Amino acid sequence: TLNLRRTEALSKVIGETIVDTIVTFDDQGSILSVNPAIKSMFGYRAEELIGGHVLRLFQTWMGVHVQDSSFSFLSAIKDSVGKVIESVAVRKDESNFHADILIGETTIEKQNLYVCSIRDVTERKQIEEIKKLQYNNMEQIVEKRTKELIRANERLQNEIEEREKIASHLYRSQERFRKIFESSPCLMAIFSKKNLTFIEVNTSWLNFTGYNMKELEKHKINVK
């Protein structure tokens, strides 16, 4: 019918112009058709792949190496239908690249057929890797800075503790001096070297001279 021919024509145009590689294969993995993008993406001509196994285009599937003895093609395909699968694809020259795979399933004349869309995501992976490196570098910078701040804080804490010890020692020394100064039977005075005025005298001095501290503040020491 006209609608069927139109649909087929549109499907053909889409398949020939899309940048993604489109591969159809049966439930045994035998490739039935490929679109022209296979040449630019994989380096193969269509006739080199038709009849071959679809797994020749892949190194890993869902993180499992396709050559691994534990890999089951049919189970892998069934599990992959309708999902975007990250894979590593292999070109004709045996170089590889990261690819996203989307598989659709249909049945024609009681035969299961699969349509596999393959997209080269090398650029996206490279950007992700750059972002990952930047993130790791940022983590390292933050970790380094954090360690520096911790060390600086430890040094500051040690300095504070040392100053507290010195202050405590000075306070105790001052208290001892004050007790000795006040309780000494000897006449003891502290005066300014600059103007020879009294700063402090002990009780013995006051008792002996009869002055009080307020009176002494007005006097200067006679050093003659």
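Strand S5 (residues 84–90) and strand S6 (residues 96–108) pair in the antiparallel sense over seven bridges. Strands pair if DSSP finds at least two bridges between them. This is a predicted model: local features need pLDDT of at least 70, side-chain atom pairs count only at pLDDT 80 or more, and totals for chains, interfaces and linings use all residues. Residues are numbered from 1 along each chain as its sequence is written, and side-chain values use heavy atoms, with hydrogens and water left out.

**The sheet**

- Seven strands make an open, antiparallel sheet, in the order S2-S1-S7-S6-S5-S3-S4.
- Its edge strands are S2 (31–34) and S4 (64–65), each of which pairs on one side only.
- Strands (E, at least two residues) and helices (H or I, at least four) are DSSP runs, numbered from the N terminus.

- Val-84 has Leu-102 in S6 as its bridge partner.
- Glu-86 is partnered by Asp-100, also in S6.
- Five residues lie between S5 and S6 in this hairpin.
- In the turn, Glu-94 has a positive phi of about 70°.

- Opposite Thr-107 stands Asn-112 in S7.
- Two residues separate the strands of this hairpin, where Glu-109 takes a positive phi near 50°.

**Aromatic pairs**

- The structure holds two aromatic pairs.
- In one of them, the ring centres of Phe-25 and Tyr-114 are 5.5 Å apart and the planes lie at 20°, so the pair is stacked.
- Rings of Phe, Tyr and Trp (its six-membered ring) pair if their centres lie within 6.5 Å; planes under 30 degrees apart count as stacked, over 60 as edge-to-face and the rest as tilted.
- Phe-25 sits in strand S1 (residues 21–26) and Tyr-114 in strand S7 (residues 111–120), so the pair ties together parts that are 89 residues apart in sequence.
- Phe-25 is buried, at 0% relative accessible area.
- Tyr-114 is buried too, at 1%.
- Buried means under 20% relative accessible area, exposed over 50%, and partly exposed in between (1.4 Å probe, protein chains only).

**Surface patch**

- Met-138, Ile-141 and Val-142 form a nonpolar patch on the surface.
- Ile-141 belongs to helix H5 (residues 122–183).
- With 54% relative accessibility, Ile-141 counts as exposed.
- Nonpolar side chains (Val, Leu, Ile, Met, Phe, Trp, Tyr) are joined within 5 Å, like charges within 9 Å.

Methods. Patches are made of residues with over 30% relative accessible area and no salt bridge: like charges are joined within 9 Å, nonpolar side chains (Val, Leu, Ile, Met, Phe, Trp, Tyr) within 5 Å. Accessible areas come from the Shrake-Rupley method with a 1.4 Å probe; for residues, only the protein chains shown count as cover. A salt bridge is a side-chain nitrogen of Lys or Arg within 4 Å of a carboxyl oxygen of Asp or Glu.
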